[in-house]
Structure formats: C-alpha cells, structure tokens
Amino acid sequence: MAPRVGITNAAAAQAARDLGCTPAQARAFLDKQVPGGRVVASGQLPRPYKGRRSQTDRFLLIDHVLALPLAMDRRDPSGFSATGCLIFEEYLRANGRARSTADPYTLGGVKLMEQVRLSEHAVQRYQQRAGGHPDTKAARDQMRRELSRDARAVRQRPRWTKSRRSADFFLLAGGAGGEEELCLPMSRHGGGGSPFEALTCLHRSMPLFALTSASLAEQVAFTQDVLTAFDELDPGEGSPATRFKHAISTSGTLSWHPPHGHPYDPDARFYLIMGSVFVPVAWEKTSRIPLIALGVRGTRLPILKRLAAWLRRRWGR
C-alpha cells in the first residue's frame, strides 16, 4: 500500500523552480508521483544524495525521479508531509532542465550564495548551533545575510570541525585569517533551482556549548574589576575569585542571548548565565582560555518573585 504523503507549499515551490513551472503545476506533478514511491531511510537514497536529512530521517523515493523529505503529518499521525523536494539530476537532464554547472571555488560572498539552497536541516542546525532566530523563515534570512558577507568554498573541512560527514565541498564564513566560525558541508546536487545545497551547519563554538558547568569554569578568564562587580552583586565568604569560579562550575550555562529583558552587550559574543547574575563574555577563538569575562550583571527577576523577596525581607525584619 502506497504511503499517504501530503505536499506542502514549500515542497511544491521547490519543485516548481527545478521544473520551470508554477507551484500549482508542480503540486499536481508531485501528487501524481507519490503513489509510485516508497519510504526509505536517508542511507538508502541514491549515492549522490546519501546522507540528506529530514525531520523523520525518512524520504519518499521515486526511483530515477525524485525524493521527498518527510515529516510526520500533524493532522494525521499515520501519514507524512513532504517538507521539500529533491528532483534528481538524471531526470532534469532527460527533460532538458539540467542545473547550472557553476564552479563554487571561483565565487564568493553574495555571488556564491546565489547558487546555494539552504536545506531545512541546515537552517535548524543554524538555529541550534549559531544562535539563529527562533522563527524558521527569519533564521533562513538571517543565515543567508551572514553567509553572504564572506562565504567561500574550500575542498577540505577545517581542523576545528569534529563531524566526519561526507560532502562534495565545504562553505566557510564568519572571519578571515583562519578564524572562520561557520562551516557548511555542501552537495553539488542541489534543489529548488540551485546547483548547490547546504546539508547541515557547524559552528566553531559547538565544543564550548557541550561542556559541563565545571569544565566551562576552566574556560573563562576574568579581571579584578569583574571580581569586584561580582562581589557587589553576590557578596559572601571567601575570596571573590573562588566564589566566582564556584558559581560558574555549579550553575553556569553558556547562551547566545542575555536573559530575557536584558539588552545585548555590544562587545559580548556569548553570555554566562549563573542564577541571579550573568556575565557577558568575549570569545577569542584560538586562545587556550577562549572566554573573556567583560563584567557582571544582575538578572531581573519576574515581578512576582521580586514581590515575594520584598515581603520576605519586610516580614523578616
């Protein structure tokens, strides 16, 4: 029995760009193809497309024609939704729709990104790993703007990446002099009218975010001014340096964003959240101790918690 697969607007639009037709015509084409497909894991896709990701790690495969990345249908758990469309190069060539053969190594910045499709999976990883906007569409736009500034293609993955995922080439961005921050493994078999597709998104800060609080405390450098500010906000017994490191090692978490209601620090890259205080930190990517504390701020508690604390102090007296 053929699986039930609904075609989303995103899948129809992507197919339309490859097929050179309207989204309505593309939807009709995909609806006609679905009954002849079978659900497979990403590793069962044809060789040039192996390793593609979907929300379920499943694709609807129509041999020699296309593959549809699948998500669970929110309205019907027994069915799927196609969140995109990957039409195979062999089908496009056979129907006079072969994609451009641009050389990524001769392009950069905006010109390179004009040839790149950002896959759904890559955008999700950008949100998770690079502090991208929580809204998917806003994150995609944000990601494209950031990459368009200085993106370049290289043949070898940078040494700081831990992933061993295969790719046709790699797109790097975010800085010069070997201090790039973003690495996108790329496929030469794109979709939606683009010759290249970003398979995922890696960020240079990922190892820092994987640290425990205790290990994170060893990655932070601080000055006496920082300790003085910490002591004023969170006084106690023992040396401020010992208490500062203890606060990080017991409750410190690294965040791309300051606590809710607090403005961004123009000099900070990340924020260490430590209960009632937080620390804006700069990031020196190649330093042995890469996080530099810039100051200490008190967090603004919700009004009910502030009221409860005031009542405790008042009635305690």
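This is a predicted model: local features need pLDDT of at least 70, side-chain atom pairs count only at pLDDT 80 or more; totals for chains, interfaces and linings use all residues.
Residues are numbered from 1 along each chain as its sequence is written, and side-chain values use heavy atoms, leaving out hydrogens and water.

**Exercise 1.** Find how many residues of strand β9 are buried.

Solution. Start with the terms. Strands (E, at least two residues) are DSSP runs, numbered from the N terminus. Buried means under 20% relative accessible area, exposed over 50%, partly exposed in between (1.4 Å probe, protein chains only). Now count. Five of the five residues of β9 (residues 169-173) are buried, so the strand is largely enclosed by the rest of the structure. Next, check directions. Phe169, Leu171 and Ala173 point one way, Phe170 and Leu172 the other. In a regular strand the side chains alternate between the two faces of the sheet.

**Exercise 2.** Find the bridge partner of Phe170 in β10.

Solution. Two strands pair if DSSP finds at least two bridges between them. Five bridges join β9 to β10 (residues 182-187), and the two run antiparallel. In β10, Phe170 has Pro185 as its partner.

**Exercise 3.** Which residue forms a salt bridge with Arg52?

Solution. A salt bridge is a side-chain nitrogen of Lys or Arg within 4 Å of a carboxyl oxygen of Asp or Glu. Glu197 is the partner, with the closest N and O atoms 3.1 Å apart. Glu197 lies in strand β11 and Arg52 in the loop between β2 and β3, so the pair ties together parts 145 residues apart in sequence. Glu197 is buried at 5% relative accessibility. Arg52 is buried at 6%.

Methods:
Helices (H or I, at least four residues) and strands (E, at least two) are DSSP runs, numbered from the N terminus.
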